[in-house]
Amino acid sequence: MAASTRLQVISLYRMMMRESQKFPSYNYRTYALRRVRDAFRANRKVDDPKAVQRLMMEGQQTLALIQRQASIGKMYQAQKIVVE
């Protein structure tokens, strides 16, 4: 993996983790964080440039989904649970 691609992947990971922190609900927040972490760990060893590019596109789409869902969650907040 080229250095610039590696930096893009790390940047995408950080953005996804940061956006996942914005979920108002504890359950959604922990689920999103766990899914992002697990997905990046599962694809850590991918070296094929085409596969990396495909995964980056999927990651960008997932980031957009997380952003949309976090903003919708803020509009319809529920009561906080004991863990929060």
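User: Is phenylalanine 23 buried or exposed?

Analyst: This is a predicted model, in which local features need pLDDT of at least 70 and side-chain atom pairs count only at pLDDT 80 or more, while totals for chains, interfaces and linings use all residues. Residues are numbered from 1 along each chain as its sequence is written, and side-chain values use heavy atoms, with hydrogens and water left out. A residue is called buried under 20% relative accessible area, exposed over 50% and partly exposed in between, with a 1.4 Å probe and protein chains only. Phenylalanine 23 has a relative accessible area of 10%, so the word for this residue is buried.

User: Which pattern does the chain follow along the sequence?

Analyst: Helices (H or I, at least four residues) and strands (E, at least two) are DSSP runs, numbered from the N terminus. The chain has 3 helices and 0 strands. Read along the sequence, the pattern is therefore α-α-α.

User: Where do the buried residues of α1 lie when one looks down the axis of this helix?

Analyst: Helix α1 covers residues 3–20, and the buried residues in it are Thr5, Val9, Leu12, Met16, Met17, Glu19 and Ser20. The arc is taken from the directions that run from the helix axis to the C-beta atoms. The buried residues of α1 fall within an arc of 165°, so they line one face of the helix.

User: Which helices are included in what covers the buried residues of α1?

Analyst: The face of α1 turned away from its buried side carries the exposed residues Ala3, Leu7, Arg14 and Arg18. Contact means heavy atoms within 4.5 Å. What covers the buried residues of α1 includes α2 (26–42) and α3 (49–75).

User: Which residues does glutamate 19 contact, leaving aside its neighbours within four places in sequence?

Analyst: Glutamate 19 lies in helix α1, and its relative accessibility is 14%, so this residue counts as buried. With the neighbours within four places left aside, its contacts are Leu63, Ile66, Gln67 and Ala70.

User: What kind of aromatic pair do tyrosine 13 and phenylalanine 40 form?

Analyst: Rings of Phe, Tyr and Trp (its six-membered ring) pair if their centres lie within 6.5 Å, and planes under 30 degrees apart count as stacked, over 60 as edge-to-face and the rest as tilted. The structure holds 2 aromatic pairs. For tyrosine 13 and phenylalanine 40, the distance is 5.0 Å centre to centre with 70° between the planes, and the pair is edge-to-face.

User: How many residues apart in sequence are the parts that this pair ties together?

Analyst: Tyrosine 13, at 28% relative accessibility, counts as partly exposed, and phenylalanine 40 is partly exposed as well, with a relative accessible area of 24%. Tyrosine 13 lies in α1 and phenylalanine 40 in α2, so the separation of the parts tied together is 27 residues.

Methods: Expected span 1.5 Å × (residues − 1).
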